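Student: Can we go through this one together? I'd like to take it piece by piece.

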Amino acid sequence: MWKKESSIKNRLNMLLVICLVPLTVLILYLVLIMQQFSERYDEVVENITKANAYNIDFKEDLDYLMYIIVANSERADELIDTEEPHRLIEEARGVFRGLYESADAEYARQRLQRILKCLDSLEDRVEEIEEDAAVSGYYDINIERLDLNIRVLTELIQEQIQEYIYYETTNLEVLREGIRSDVDRTLRMTSVIFLLILAGAFLISQKLMQGIMVPIGKLCEVTRKAAEGDFSVRAPEDNSEELAVLNSSFNSMIKQIGNLVEDIRIEQLNLRATELKLLQAQINPHFLYNTLDTIIWLAEAGRKDDVVMMVTTLSDFFRTTLSKGRDYISVREEEAHIRSYLQIQQFRYRDILEYSIEIPEELHEYQILKLTLQPLVENALYHGIKNKRGLGHIRVTGEKKGAELIFCVEDDGKGMEAERLGKVRRLIDGEEEIDRSDPSGFGLFNVAQRLSLNYGSEYGISVDSVFGKGTRVTVVIPAVRE
């Protein structure tokens, strides 16, 4: 009797080893994959963060400092630190040289090398202006250098930084595809391990005493359910010490595998959320720069009322943009957002821009994905109205049809030729790759992708345009109250 019990224990221990060894290998493999992904992801995010810091501030800071040096050469030392331009350039050179040395892709190295060359040229131009700033008679020449050299070079550097940031952003999509492939492979490995565990348990159960056949049959039943994907099942308790060990080990294994599957699902959701945030982050910062430049110009001109109006409107605009971190806002807030944007732009383009917003009040309590309409209005202004001679009009409308909300952004601008319209539609549908040199197409693609990822592929945008008459972009989303 003792030998028989010992034999049962040995076989069950063998089964336990068969279960745990593959599971341990699987866990180690998952940990390794997740660690590699995390390190690569952190590296890409760190690169984007470093480059984005200079994308936001570098041009504005350097242009301002050099303007003070040129325009107030005699009092420059009192107004600013005249060594600050050199420090800014040297700091930027250090950051981008570090990115260049760690870059492993040729495209990224080319972009970073161009940035470094532009920084070298920029430093030479700064030194020329500083040498002539205190010399009488060089004011007009230095103003011309400031416009043609300094601002052109900082603009070029900013464009190169944006291209590098876009390249690094696309790497996140590659990482996402890689983790998806690893997940599929891991699921296949898990299925094979389950089959092996089932086969081992069945063979050992045939050699055990008849008194434990029924408990083992129950164990096989719950094992079958687990193999079908139900990880909530648990093996029943048993008075036999050997079966108690087996059941306990099985339950522990099922719990761990269920946790792993849940972790993988959560990771996929996190990847999707990250992708959405990155798409949302592709907001052109030139609007803020231009608005701040306008406010500075108004302040210098002593137009205090206009400054207050612009600052208040800009504050309202960014209050909605931030919206306490929410992804969804009310239609009322989205309408206020585009109204603030158009008020600011109408002040700058009062000779060419008129607008109207016709969204019924009964739609105000429905929710909408933040930054849905504003990019379309911006696209209508910059690629429709500004390319048209004379006064242009942007019209925003909204209506509810059944279980859907339909919004239209129309302009009577330049419009698109049939070939161009077809290319934009293919881009929105994902049938054509994004052209980095085409900001209008990227803006429409951005909105279409965010709507599709949030609401489903049946929702999104459509574009209609007639060359010489204008363009209309239609947005369709589900009608959901807040």
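Student: How do E6 and E7 pair, and over how many bridges?
Tutor: This is a predicted model, to start with. In it, E6 and strand E7, residues 470-478, pair in the antiparallel sense.

Student: Which residue in E7 is the bridge partner of Ser462?
Tutor: Thr474 is the bridge partner of Ser462.

Student: What order do the strands of the sheet come in?
Tutor: The order is E2-E4-E5-E7-E6. These 5 strands form an open sheet with mixed pairing.

Student: Which strands stand at the edges?
Tutor: Strand E2 (353-358) and strand E6 (460-466) do. Each has a single partner strand, so one side of each is left without a neighbour in the sheet.

Student: How are neighbouring strands turned against each other?
Tutor: By 15° on average, direction ignored.

Student: New topic. Which strands does H10 lie across?
Tutor: H10 lies across E2, strand E4 (392-401) and strand E5 (404-411). H10 runs at about 170° to E2.

Student: How many residues does H10 have, and how far does it reach?
Tutor: H10 covers residues 331-348, which is 18 residues. From first C-alpha to last it reaches 26 Å, close to the 26 Å expected at 1.5 Å a residue.

Student: Which residues of H10 are buried?
Tutor: Among them are Val331, Ile338, Leu342, Ile344 and Phe347. The buried set also includes Glu334, Glu335 and His337.

Student: Which residues have the most contacts inside the largest nonpolar core?
Tutor: Ile394, Phe407 and Ile461. That core has 41 residues. Helix H11, residues 374-385, gives the largest share, 6 residues.

Student: What does Ile394 touch?
Tutor: Leaving out residues up to four places away in sequence, its contacts include Leu342, Leu353, Val377, Leu381 and Val409. Leu342 is also one of the buried residues of H10.

Student: And what does the second, separate core include?
Tutor: It has 33 residues, including Val70, Ala92, Leu119 and Val126.

Student: Where does Gly456 lie? Is it buried or exposed?
Tutor: Gly456 lies in the loop between helix H13 (439-455) and E6. Gly456 is buried, because its relative accessible area is 18% and the cut-off is under 20%.

Student: How far apart are the C-alpha atoms of Gly456 and Pro478?
Tutor: They are separated by 9.7 Å. Along the chain, the two are 22 residues apart.

Student: Last one. What does Leu156 count as, at 32% relative accessibility?
Tutor: Leu156 counts as partly exposed. Leu156 lies in helix H5, residues 139-207.

Conventions: Residues are numbered from 1 along each chain as its sequence is written. This is a predicted model: local features need pLDDT of at least 70, side-chain atom pairs count only at pLDDT 80 or more; totals for chains, interfaces and linings use all residues. Side-chain values use heavy atoms; hydrogens and water are left out. Helices (H or I, at least four residues) and strands (E, at least two) are DSSP runs, numbered from the N terminus. The expected span of a helix is 1.5 Å times one less than its number of residues. Buried means under 20% relative accessible area, exposed over 50%, partly exposed in between (1.4 Å probe, protein chains only). Two strands pair if DSSP finds at least two bridges between them. Axes are lines fitted to C-alpha atoms, for helices over the stretch in contact, and angles run from 0 to 180 degrees between N-to-C directions. Contact means heavy atoms within 4.5 Å. A nonpolar core is a set of buried Ala, Val, Leu, Ile, Met, Phe, Trp, Tyr and Cys residues joined through side-chain atoms within 4.5 Å.
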